[in-house]
Amino acid sequence: MATSSCLLSEDKFLCSVCLDVFTEPVSTPCGHNFCSACIHKYWDSRDICQCPLCKRTFSPRPQLQVNTFVSELLAEFKSSAQVKASTPDPQLPGTADVLCDICSDLKEKAVKSCLTCLASFCEVHLEPHHRVPTFKSHTLLDPLKNLDDKMCKTHNKITELYCRTDQACVCVLCINTDHKSHSVVPLEEEYEAVMAKKDETMANIQKMIESRCEKIAEIEESLEVSQREAEKEKEASVQVFTDLIRSIQRSQAELVELIEERYRATKQKAEGFLTELRMEVAELQSRSSQLEQLSQSEDHHHFLQSFSTLCSFKQGLDQRQCSQPSVFGGSERGCESAETKT
């Protein structure tokens, strides 16, 4: 017995529900073994009593007893192989998209989906589909998500047909109700018909892509041309206004220079005229002082001779002032003033 048990692998003593070594193994009427707690928990969580592996239903719920043969074989295996009471925790499914529907606690990655059972199975729970004759006729596919979407919501049957009128997947009962007299074909036939049009559809899509790519390139090129033209217009406008500003500044500088030059000439003339006038004022003040002193003299002969000399000096000044051009407006104003004084 010990020799034979050493030839067994640990996989033979794993519960397909918890994926751990059996604890109080029990056997269902269909011959599959599970942990006593696992199978009872599995049945308590469901409305029907069925085997997790082969899906065989039992009514009423059977009273299970510990399988002493499996228990003794497991105990001898543990003793001879010196294994732990449990296997290492199974690896997490990682990034798997589809998980096994049978695993109760930590779910394993599904390897196949059954369209007949509408469930996905891991390697362990898929085993009945390879062994049981009834399950061998089921349709197995690569793991699929949302298997419920393949069921008809009205009749709770798998949708194996396609209604071309309504463009929807239907079941065999739908053709007698909502889809009666519609154009209904098997899914495989519609699939082949669509696949036959795939190349043409792909070609049309490719043409549309190429057309839009050409339009995109055309618009981008147009934008580049518009950008270059806008840059040229900006440069031209900047140059025009720059030249205009420079011309205005140059005209302004010339006007300022002209005004300053005219002022300098006027100032120079005014300063010369002021110098002469100040000299004349000084001379007149001297003559006025002399005339005041002369008026106090009792020498009538000297007074008359000196007064005549003083008057001739005044007439000379008046004539020179009349001939002297005015700084601000010619000689007319000076002449009029001289005549008025005379």
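**Overview**

Mentor: The protein chain has eight helices and eight strands as its secondary structure, where helices (H or I, at least four residues) and strands (E, at least two) are DSSP runs numbered from the N terminus. This is a predicted model, in which local features need pLDDT of at least 70, side-chain atom pairs count only at pLDDT 80 or more, and totals for chains, interfaces and linings use all residues. Residues are numbered from 1 along each chain as its sequence is written, and side-chain values use heavy atoms, with hydrogens and water left out.

Trainee: What share of the residues counts as buried?
Mentor: Of the 342 residues in the protein chain, 22% are buried; buried means under 20% relative accessible area, exposed over 50%, and partly exposed in between (1.4 Å probe, protein chains only).

Trainee: OK, the helix H6, what should its 109 residues span?
Mentor: At 1.5 Å a residue, helix H6 (residues 187–295) should span 162 Å, and its end C-alpha atoms lie 151 Å apart, which agrees. The expected span is 1.5 Å times one less than the number of residues in the helix.

Trainee: Where is the kink in H6 centred?
Mentor: The kink, of about 40 degrees, is centred on Lys-198; the bend at a residue is the angle between axes fitted to the seven residues ending there and the seven starting there.

Trainee: And which residues of H6 are buried?
Mentor: Buried residues in H6 include Glu-190, Ala-270, Glu-280 and Leu-294.

Trainee: Switching to sheets, what is the strand order in the one with S6?
Mentor: That open sheet of three strands has the order S7-S6-S8, with antiparallel pairing. Strand S7 (168–170) and strand S8 (184–186) are at the edges with a single partner strand each, so one side of each has no neighbour in the sheet. Direction ignored, neighbouring strands here are turned by 35 degrees against each other on average. Two strands count as a pair if DSSP finds at least two bridges between them.

Trainee: How many bridges join S6 to S7?
Mentor: Three bridges join strand S6 (residues 161–163) to S7, and Leu-161 has Val-170 in S7 as its bridge partner. H6 packs on this sheet, touching S6, S7 and S8, and its direction makes about 90 degrees with that of S8. Axes are lines fitted to C-alpha atoms, for helices over the stretch in contact, and angles run from 0 to 180 degrees between N-to-C directions.

Trainee: Which residues does the cis peptide bond join?
Mentor: The cis peptide bond joins Ser-59 and Pro-60, with omega about 0 degrees, and Pro-60 is in the loop between helix H2 (36–44) and helix H3 (68–81).

Trainee: What about phi of Glu-24 and of Gln-167?
Mentor: Glu-24 has a positive phi of about 50 degrees although it is not a glycine, and Glu-24 counts as exposed at 51% relative accessibility. For Gln-167, also not a glycine, phi is positive and near 50 degrees; Gln-167 lies in the loop between S6 and S7 and is exposed, with a relative accessible area of 61%.

Notes
Contact = heavy atoms within 4.5 Å.
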